[in-house]
Every structure is written in C-alpha cells, then in structure tokens.
Amino acid sequence: MTPTPEQDFDALVESDQRVEPRDWMPEGYRKTLVRQIAQHAHSEIIGMQPEGNWIGRAPSLRRKAILLAKVQDEAGHGLYLYSAAETLGVDRSELLDLLHAGKQRYSSIFNYPTLTWADMGAIGWLVDGAAIVNQVPICRCSYGPYARAMVRICKEESFHQRQGFEILHTLSHGTPAQHEMAQDAVNRWWWPSLMMFGPPDDQSPNSAQSMAWRIKRFSNDELRQKFVDMTVPQSQVLGLTPPDPDLHLDEETGHWRFGEIDWSEFFAVLKGDGPCNQDRIEHRRRAHDEGAWVRDAASAYAEKHRARSEGVA
Amino acid sequence: MSEPRSTQEWPLWEVFVRARRGLSHQHVGSLHAPDATMALRNARDIYTRRSEGVSLWVVPAAAIVASSPDEKDEFFDPAGDKAYRHPTFYDIPDEVQHL
Ligand SMILES: [Fe+2]
Ligand SMILES: [Fe+2]
C-alpha cells in the first residue's frame, strides 16, 4: 500500500528530515509556520527602530558604522524571513498589511524605549544574545526554508552580540558616570530579555504541538535557563550586576537560579500597553507610506524599459 | 492607498551566489524586484553584505521548471534499482589495491 501524504509527512518529520515547500503538509503546520515566521520577520524590522534611534548620536564614527551595519543586518534578516514565509503561499505585502493593522505581532522587547547610548550595548548583549539562544535550535527546524534562513541569521547575529558586549565593557570600565549608565541599561533590559523566551512552560499552550512538529526543539523555560547560565558569568566580566536579588548559583546543578518574573508586565506589553507600542507601529506605517513613491518609481522605470526593449524587438 | 498593488506585482527572483572562483553558484534565497537590474542590486545588498560572493545570478522564479515532489517515486524510480552504478556494488578481494 502506498502511504498517504500525511504518513509521508509524519515519516519525514519523525526521521528528522526537512519538509520542503511543495510537499504536502497539514494545514495546522502551515498556519503555525506562517504565524511564527511572520512574527519573527516583523520583529526583525520593528527591531530596527530602537537602535535606529541612536545611529545619528553614536559617540564615534566607529560606533556609528557598526550600529548602522547591525541595523542593516536586521533589515536583511526580515527579508530572509519574509522570503521563507512566501514559500508557504502568502505574500510579503499581505503580511506587512497584517502587521500595520495590528493583526500580527512582533517581539514585545521592541516596545521598550532606548533612553541612553548604553542601551545599544544592553540590546546587543542581552536582546541579541537571547535571540541567538532562541534561534540556534531553529536552524534544525523541520521546515527547510525557515531552517536555512535561520542558519544565515545566526551567523550574522554573533557580531551583534559582541559589539553590544564591547560597548558595555567600555562604559563599565570608563568614568563612574559611564559605569552607572551601563548598569542602568542592564537594569532596564535584563527582565524584558528573560521574557523574550515566552511564558513559562505550563502557560504555553502551543508548545507541545510545535515540539511534535519539530518546529521547536526546546521549551521556553529550558532556553531561558540556558540564556541565564551563559549570561551571568559574562556580567561578571563586564562588572555589571543583573537586577535580581535572588540570582544565585545552584552548586548542585551548576545552574544560575533566578527570581520570579513579572508576567503581568509581559502580558500588558503584549496587549499593547508597553511604553512604545503605539510609536513603533505608527513609525512603521509612516515609513511604509512615505516610501511608496520609491516603489512606484521603480515599477514605472521597469515598465518603461520593458516597453522600450519590446519596441526595439 | 496606491501602494500594495505595486510590490505585489513585482516578480519573484531566485538568487544564486558563487562564493568564490572554482565553486558553482548556489541558491541562497529569493526576493521581489521590478526588473533584473534592481533584482541584482537588491540581491547584492541582501545576500552578500559580508563579501559572500564573487558572482550573482538572479532568475525569475516563474522561469524555473521543477519536478513535483508528488511524483517523486515514479520520477526518480529509474535510478532506484541500479545499484551497480555505484562503485560499492562490486565485490573485490581485500588484497587488491588502487582499485
Ligand atoms: Fe536579527
Ligand atoms: Fe541581531
């Protein structure tokens, strides 16, 4: 008996092979991927805003060139991901419309403001750091185009985290005022970074299905713990202290145990009550609308040349 | 409200990069662009920001003819039962060298 498409799909996933765009897949799998990849793509491009805020005010030409390159990378990451989503039969412009209408989400972390230059350090070190921990397992996601996009992204993220660490390290070992600025940035970004891994496992209803489909490889809490274990020793090198009085090394397991996360804050920001939710979407819509003439001009130019070359032939 | 129209109409291009001389072009992803010139420029900015390539191809996705995975069994069947095309198929005494 020939296997049904569903049995073929299950066997692919089971044997850790990749599902490719033209394969049969369950509708739920497709929908989950579209939602996740779109949210991921939106996060990349919305994430350009908090850092874009400081490009014009970077303290040196070197820092400015680096920050500009990082923000350009994030635009690239967005595009890799929109391409991956399109292999599932949706259109990039459709996804952008959903973002602009507030019908699709982006990571809550980008709803916090960037108040000082040290925030560029804290974002690179903590936010990109958390993103890396989240993204590395997705390089082995069961959906081929998403996994491949993630491989490219992960290669590029490493510089993002290192440049952030360098900024904080420099500030932390500078004047007392600079050190204080670095500590203040860590104080503000630490908890939101831990929230980037999503709600605790017992409140994460879709996780089990995503794990079964091998879209997700580790639970939210596992990834969060991994991030804390990697980050706390780095904070010691920085000479900066995570704002958590309960943080301590569990000698038996070797894990850093951290205090209670304020999930009410997380859900409030998710619902739209973060400090910058409104700004981020408005800015995004404005950039899109104000860029319309560029897209129109490119279309008109292409059309003119097409007509001309057809006229010649 | 004139906008969504134009980008939706932009064709999809598949992008191939030759990482360095001596290697073949490899598929790296896709993008939308109104014409080939813009597709090349965008491909450079999106896929070779770190000198990942010495040559780029952009191909209209619509021009690619693909075998359908649904037919994979029959389509690739002819090669399936010809193990003798592989060197490992043959029994050669252990003491034979350079073969
Ligand atoms: Fe990114
Ligand atoms: Fe990044």
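Welcome to a predicted model, in which local features need pLDDT of at least 70, side-chain atom pairs count only at pLDDT 80 or more, and totals for chains, interfaces and linings use all residues. Residues are numbered from 1 along each chain as its sequence is written, chains are lettered from A and ligands numbered from 1 in the order in which they are written, and side-chain values use heavy atoms, with hydrogens and water left out.

**The iron pair**

- Glu74(A) bridges the iron ion (ligand 1) and the iron ion (ligand 2), which lie 3.3 Å apart.
- Distant parts of the chain are linked here: Glu44(A) sits in helix α2 of chain A and Glu157(A) in helix α7 of chain A, 113 residues apart.

- Helix α7 (residues 144-172) of chain A holds both Glu157(A) and His160(A), three residues apart, about one turn of the helix; helices (H or I, at least four residues) are DSSP runs, numbered from the N terminus.
- Both Glu157(A) and His160(A) are buried (under 20% relative accessible area, with a 1.4 Å probe and protein chains only).
- Glu44(A) is buried as well.

**Helices α2 and α5**

- Helix α2 (residues 27-46) of chain A packs against helix α5 (residues 92-100) of chain A at an angle of about 70°, with axes 11 Å apart; axes are lines fitted to C-alpha atoms over the stretch in contact, and angles run from 0 to 180 degrees between N-to-C directions.
- That makes α2(A) roughly perpendicular to α5(A) (65 to 115 degrees).
- The contact (heavy atoms within 4.5 Å) includes Val34(A) and His42(A) of α2(A) and Leu95(A) of α5(A).

**A loop residue**

- Gly56(A) lies in the loop between α3 (48-55) and α4 (61-86) of chain A.
- Gly56(A) is exposed, with a relative accessible area of 66%, where exposed means over 50%.

How values were computed:
Helix = DSSP H or I, 4+ residues; strand = E, 2+ residues; numbered from the N terminus. Parallel < 35°, antiparallel > 145°, perpendicular 65-115°, else oblique. Donors = N, O, S within 2.8 Å, 3.2 Å for Na, K, Ca; no water.
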